[in-house]
Amino acid sequence: MELLSNTPVHYTVPDEYVFPPEKRPDSDELVDSTITLPVIDLAGSHPDVMDEIIKAGKDFGFFQVNHGVDEEVVREFRSAAADFFTLPAEEKLPYCSDDQSKPFRVASSTTYDGGQTRYWRDYLKIQCFPVDKFARHWPPKPDRLRECLAEYIVQVRKLAARLLRLIAEGLGVAETFFAGELSGGETQMNVNWYPPCPDPSLTLGLLPHCDRHLLTVLSQGDVGGLQVKHAGRWIAVQPIPNAFVVNFGHQMEIVTNELLKSVEHRAVTNSAVARMSVATLIMPEMKCRIAPAMELVAEGTPKYRPFLFREFMEAYAAASASREDVLNRFRIRASEPEPTPTE
Ligand code: OGA
Ligand code: NI
């Protein structure tokens, strides 16, 4: 497998990375530079923080948080992960794989339209929590990767649990609403590596998509590139080095009966510096039964039928991440009889 990060400098964009004109980053909806995502300081007063999170969730499906995670822990892990991508090709080779069952793997870009066009991105997919279960699969090089990852994931999961309690309270459901099977699945991480691209107008780093899980906690570092769909336009998420970008996945949208939105986002490239983002995906257990929470269903009209998270994951893969295609498989249409609630 050829990784983009194996080539020290790219002077041209190879043909397979060049998107057709109508798919290029500046082809459709404009980038609106007048809107910025809300930045929420978790040290603020509890009711304010709760309200700000719910408001941001309804308005954008995204927000940034100043958090309780140790800055040193973030910095050290980011530095170890970046070192992985700059290792010589032969050190990365044993981990190169498209086999999704591998607990630690590196790969290059996702394919698009049957593999005709490639994204300008290498990535690590790491199964990272519980640490005891997965740490032995993490590579011994770079030196500090294992220990930094273990520290990072423990702290980021704590932050996620805190956010989920705040969201539950803000929604008016039990504080522990998300605590069990809904957030108890194995935690995965995407470490995305976007090398400098000689012509960012021709390529995309990551396709427009919604996350399939419950909650994503993303460290963008100090290089921008993430864009979020808002009112028909893309808005750029400004880099705030020590903040995390938080967004809701499909499962949050479904259990809240669309009160909180799962919103499309994508990554664009730049020609100056490599960009690395670290996305931690909080997900339900595969056997978790997902359905709109009865407490949140206004006038008894759930918009989705109950399903197992496992089914959703299969449908998402089959629908190639298309938001409407995947949700339609679980939507209750107005003409269909409603299922009898089972709980
Ligand atoms: C993701 C993602 C955005 C980014 O990994 O799901 O949306 O900025 N990443 O790399
Ligand atoms: Ni995403």
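Student: Which residues surround ligand 1?

Tutor: First, the ground rules. This is a predicted model, where local features need pLDDT of at least 70, side-chain atom pairs count only at pLDDT 80 or more, and totals for chains, interfaces and linings use all residues. Residues are numbered from 1 along each chain as its sequence is written, chains are lettered from A and ligands numbered from 1 in the order in which they are written, and side-chain values use heavy atoms, with hydrogens and water left out. A residue is near a molecule if one of its heavy atoms lies within 4 Å of it. Here the shell around ligand 1 consists of Asn190, Asn192, Tyr194, Leu206, His209, Asp211, Leu218, Leu226, His265, Arg275, Ser277 and Ala279.

Student: Which side chains have a polar atom facing an oxygen atom of ligand 1?

Tutor: A polar contact is a pair of N or O atoms within 3.5 Å. For an oxygen atom of ligand 1, the distance is 2.7 Å to a side-chain N or O atom of Tyr194, 3.0 Å to one of His265 and 3.2 Å to a polar side-chain atom of Asn190. On its own, ligand 1 has 290 Å² of accessible area, and the protein covers 96% of that (Shrake-Rupley method, 1.4 Å probe).

Student: Which elements give two or more residues to that shell?

Tutor: Strands are DSSP runs of E, at least two residues long, numbered from the N terminus. In this case they are β7 (187-194), β8 (206-209) and β14 (275-282).

Student: Which residues coordinate the nickel ion?

Tutor: Donors are N, O and S atoms within 2.8 Å of the metal (3.2 Å for Na, K and Ca), and water is not among the atoms, so sites may look incomplete. The nickel ion, ligand 2, is held by His209 (NE2), Asp211 (OD) and His265 (NE2), at 2.1 to 2.2 Å. Along the chain, these donors have the spacing H-x1-D-x53-H.

Student: Are His209 and Asp211 buried or exposed?

Tutor: Buried means under 20% relative accessible area, exposed over 50%, and partly exposed in between (1.4 Å probe, protein chains only). His209 and Asp211 are both buried.

Key
Polar contact = N/O pair within 3.5 Å; in protein donor to acceptor, adjacent residues only side chain to side chain. Helix = DSSP H or I, 4+ residues; strand = E, 2+ residues; numbered from the N terminus.
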